[in-house]
Amino acid sequence: MIKEQLAARDISDPRVLEAMSGVPREVFVPEDLHEVAYGDGSLPIGEGQTISQPYIVALMLQVAEISLSDRVLDVGTGSGYAAAVASRLAAHVYSIERHASLIESAQQRFVELGYRNITVRHGDGTLGWPEEAPFDAILVAAGGPEIPQVYCRQLSRGGCLVMPVGPESHQKLVRVQRRADNGFVEDDFGYVSFVPLIGEHGWSSTRARNHNR
Ligand code: SAM
């Protein structure tokens, strides 16, 4: 996975490659999918959700330029895989998920694997996590119609937001950097396809349900 799916593409940050190689992806997928855990794609994890493709997890971490002293907000815990990888690059990861059953299994995995620098919460991640802001990086693992302004407010100066933005069928992976002078710089890293970000500043749950039919 590391050699063929990441390094052979454009994942060149050695810290990201090392963090990815340190997390056992099979622990984060259902038992009947253990054999295909290192394949080049997303996999179902229950509740109609997915664990993201390894390449996309690595790309988001690489463009977020996370350093060891950083506090990271991870929106869309899902299986907990991306939070686990991020926790090897950062000081602390705050991870939020709207499905209670997913957050419970993710928390259990973190305990079993000994990840102590991840705090999880059940709730609407489109509101961010105001009590723990500001964050040096905000990683959003679900696609929204636009960038919630609340994320920009919860970014530290010099911090980075990485999230898929666009219609539910396909999005652009966008990075917003908050500069030291408080301005924002936006760039994008091509097209991606994520499950919808559902919440107050994302898609409404009824709309997403209709779309998925
Ligand atoms: N990072 C996850 C992993 O490593 O398994 C994959 C995340 S999956 C592609 C996207 C997740 O975002 C889903 O679990 C979904 O329930 C969650 N999600 C969608 N909208 C959300 C919201 N407003 N707040 C929190 N989680 C949300």
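A pocket, as the word is used here, is an open set of grid points with protein on both sides within 12 Å along at least five of seven lines. In this predicted model, the largest pocket holds about 530 Å³ of space. The structure also has one cavity of 30 Å³ or more, and its largest nonpolar core counts 44 residues.

**The largest pocket**

- The lining of the largest pocket is made of 34 residues, and those closest to its centre are Thr-50, Ala-141, Ala-142, Phe-194 and Val-195.
- Strand S2 (49-51), H3, H4 and strand S4 (92-97) are the elements that each give two or more residues to this lining.
- S2 provides the largest share of the pocket lining, with three residues.
- Sorted by class, the pocket lining has 17 nonpolar, 14 polar and three charged residues.

**The largest cavity**

- The largest cavity has a volume of about 80 Å³.
- Among the residues that line the cavity are Ser-52, Asp-74, Ala-82, Leu-139, Val-140, Ala-141 and Phe-194.
- H3 and S6 each supply at least two residues of the cavity lining, and H3 gives the largest share, four residues.
- The cavity lining divides into nine nonpolar, one polar and one charged residues.

**The nonpolar cores**

- In the largest core, the residues that touch the most other members are Ile-11, Met-20, Leu-61, Ile-66, Tyr-81, Phe-110 and Leu-139.
- Two or more residues of this core come from each of helix H2 (14-21), strand S1 (43-46), helix H3 (54-64), helix H4 (81-87), helix H5 (100-113) and strand S6 (135-140).
- Here H3 gives the largest share, nine residues.
- Another core, of 20 residues, lies apart from the largest one, and Val-140, Leu-155, Val-174 and Leu-197 are among its members.
- Take Ile-11 as an example: leaving aside neighbours within four places in sequence, Ile-11 is in contact with Leu-6, Val-16, Leu-17, Tyr-55, Ala-58, Leu-59 and Gln-62.

**A look at helix H3**

- H3 is mostly covered, with 11 of its 11 residues buried.
- The buried residues of H3 include Pro-54, Tyr-55, Gln-62 and Ala-64.
- Just after H3 comes Glu-65, which takes a positive phi of about 50 degrees.

- You can find Val-176 in strand S8 (residues 171-178).
- Val-176 counts as buried, because its relative accessibility is 4%, and buried means under 20%.
- Leaving aside neighbours within four places in sequence, Val-176 is in contact with Ile-147, Leu-155, Gly-159, Cys-160, Leu-161, Phe-184, Val-185 and Glu-186.
- From C-alpha to C-alpha, Val-176 and Glu-146 are 12 Å apart in space, while 30 residues separate them in sequence.

**The cysteines**

- A disulfide is a covalent bond between the sulfur atoms of two cysteines.
- The count of disulfides in this model is zero.
- Cys-152 counts as buried at 9% relative accessibility, and Cys-160 is buried with a relative accessible area of 2%.

Technical notes: Residues numbered from 1 in each chain as written. Predicted model: local features only at pLDDT ≥ 70, side-chain atom pairs only at ≥ 80, totals over all residues. Heavy atoms only, no water. Core = buried A, V, L, I, M, F, W, Y, C linked by side-chain atoms within 4.5 Å. Buried < 20%, exposed > 50% of the residue type's maximum accessible area, 1.4 Å probe, protein only. Contact = heavy atoms within 4.5 Å. 1 Å grid on protein atoms, 1.4 Å probe; cavity = no way out; pocket = protein on both sides within 12 Å on 5 of 7 lines; lining within 4 Å. Points joined across faces, edges and corners; volume = space filled by probe spheres on them. Nonpolar A, V, L, I, M, F, W, Y, C, P; charged D, E, K, R; others polar. Disulfide = S-S within 2.5 Å.
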